[in-house]
Amino acid sequence: MSRPPRAKRPRTPRSPEAKQRQREILQIASDTFAARGYNNASLAEIAEQAGLTQAGVLHYFRSKALLLTSVLELRDQTDIEQLGPTRPEGLEFLRHLVDTALRNAEREGIVRLYTVLSAESVTDSHPAQDYFRDRYTGLRSFVADALRQACDLPEDRTEESDAAANAIIAVMDGLQVQWLLDPEAVNMAASTDLVVTSLLAALAPRKFGSGTHP
């Protein structure tokens with residue numbers, strides 16, 4: 001499975017008006033990719049909604065692939081701003097995951113964008129494939145480290161914490177799909193909390209066993 005070359009950076013607008021127009025294009029592209037996926041969305045429809053020609057959109061973002069990566073970077077920037085200046089660790093980071101699930105229930109557009117593009121990225125030569133591969137690698141590491149810290153696990157139990165991290169990420173992503181299809185039937189935060197609590201109790205029963213709550 002070949003990887004596409006990494007795109008260049010978008011052009012940096014010089015005037016406030018150009019910066020505002022670039023932000024508008026990003027928002028339109030985000031909504032369009034979330035609704036139709038990258039492969040089915042066209043530059044022509046994004047340009048039409050923005051009141052530009054395709055050449056006008058490409059003036060800001062050089063290529064459709066670069067527009068996509070810019071949309072994903074904007075999504076990440078939103079998460080970073082909500083996380084604060086430093087990343088929490090251990091049990092605090094695990095609680096942050098539950099809080100993230102709670103916030104996601106109030107931002108359908110971002111959840112839909114992530115869900116659609118992450119699934120689509122497994123196809124050959126998708127421009128977001130490297131992004132999602134790197135994102136999952138980093139997230140697995142963060143969650144596994146948090147579990148080891150919270151449970152005081154020794155090094156010989158790394159495989160268990162890695163497996164638990166994969167389970168937490170899989171549950172959170174799967175919940176998003178179910179919630180998008182039937183939001184009234186799915187409480188993402190409650191389900192995430194239940195899984196995290198159960199895995200903590202399984203990994204460290206003396207610390208997080210029956211009758212305790214992290």
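Modeller: I shall begin with the model as a whole, then turn to the pocket, the salt bridges and a few individual residues.

This is a predicted model, in which local features need pLDDT of at least 70 and side-chain atom pairs count only at pLDDT 80 or more, whereas totals for chains, interfaces and linings use all residues. Residues are numbered from 1 along each chain as its sequence is written, and side-chain values use heavy atoms, with hydrogens and water left out. The pLDDT, which is the predictor's confidence in each residue on a scale from 0 to 100, has a mean of 89 over the protein chain, and 90% of the residues reach 70 or more. Residues 1-7 call for caution, since pLDDT stays under 50 there and the model has 14 contacts beyond four places in sequence for them, a contact being heavy atoms within 4.5 Å.

The secondary structure comes to ten helices and zero strands, where helices (H or I, at least four residues) and strands (E, at least two) are DSSP runs numbered from the N terminus. The C-alpha trace spans about 65 × 35 × 35 Å along its principal axes. Of the 214 residues, 42% count as buried; buried means under 20% relative accessible area, exposed over 50%, and partly exposed in between, with a 1.4 Å probe and protein chains only. Among contacts between residues at least 6 apart in sequence, 69% join residues at least 24 apart.

To come to your question, the largest pocket is lined by 25 residues, and those that lie nearest its centre are R75, D79, H96, R135 and L139. A pocket here is found on a 1 Å grid over the protein atoms alone, as an open set of points where a 1.4 Å probe fits, with protein on both sides within 12 Å along at least five of seven lines, and lining residues have an atom within 4 Å of a point. Its volume is about 630 Å³, taken as the space filled by probe spheres set on the points, with grid points joined across faces, edges and corners. The helices α4 (64-83), α5, α7 and α8 (158-181) each supply at least two residues of the lining.

The charged side chains lead on to the salt bridges. A salt bridge is a side-chain nitrogen of Lys or Arg within 4 Å of a carboxyl oxygen of Asp or Glu, and by this rule the count comes to eleven. One of them joins D76 and R75, at 3.7 Å from N to O, and both of these residues are buried. Another links R95 and D193 at 2.9 Å; because R95 lies in helix α5 (residues 90-104) and D193 in helix α9 (residues 188-203), this pair ties together parts that are 98 residues apart in sequence. R95 is partly exposed, with a relative accessible area of 23%, whereas D193 is buried, at 18%. A further bridge, between D145 and R148, has an N to O distance of 2.6 Å; these two are three residues apart in helix α7 (residues 129-151), so about one helical turn separates them. D145 is partly exposed at 29% relative accessible area. Salt bridges that share partners also join R75, D76 and R135 into one network, and R75 and R135 are among the residues nearest the centre of the pocket.

Elsewhere, S30 in helix α1 (residues 16-40) is buried, with a relative accessible area of 12%.

Most residues other than glycine have a negative phi. R62, in the loop between α3 (54-61) and α4, has a positive phi near 70° and is partly exposed at 38% relative accessibility. S125, in the loop between α6 (108-120) and α7, has a positive phi of about 60° and is partly exposed at 36%.
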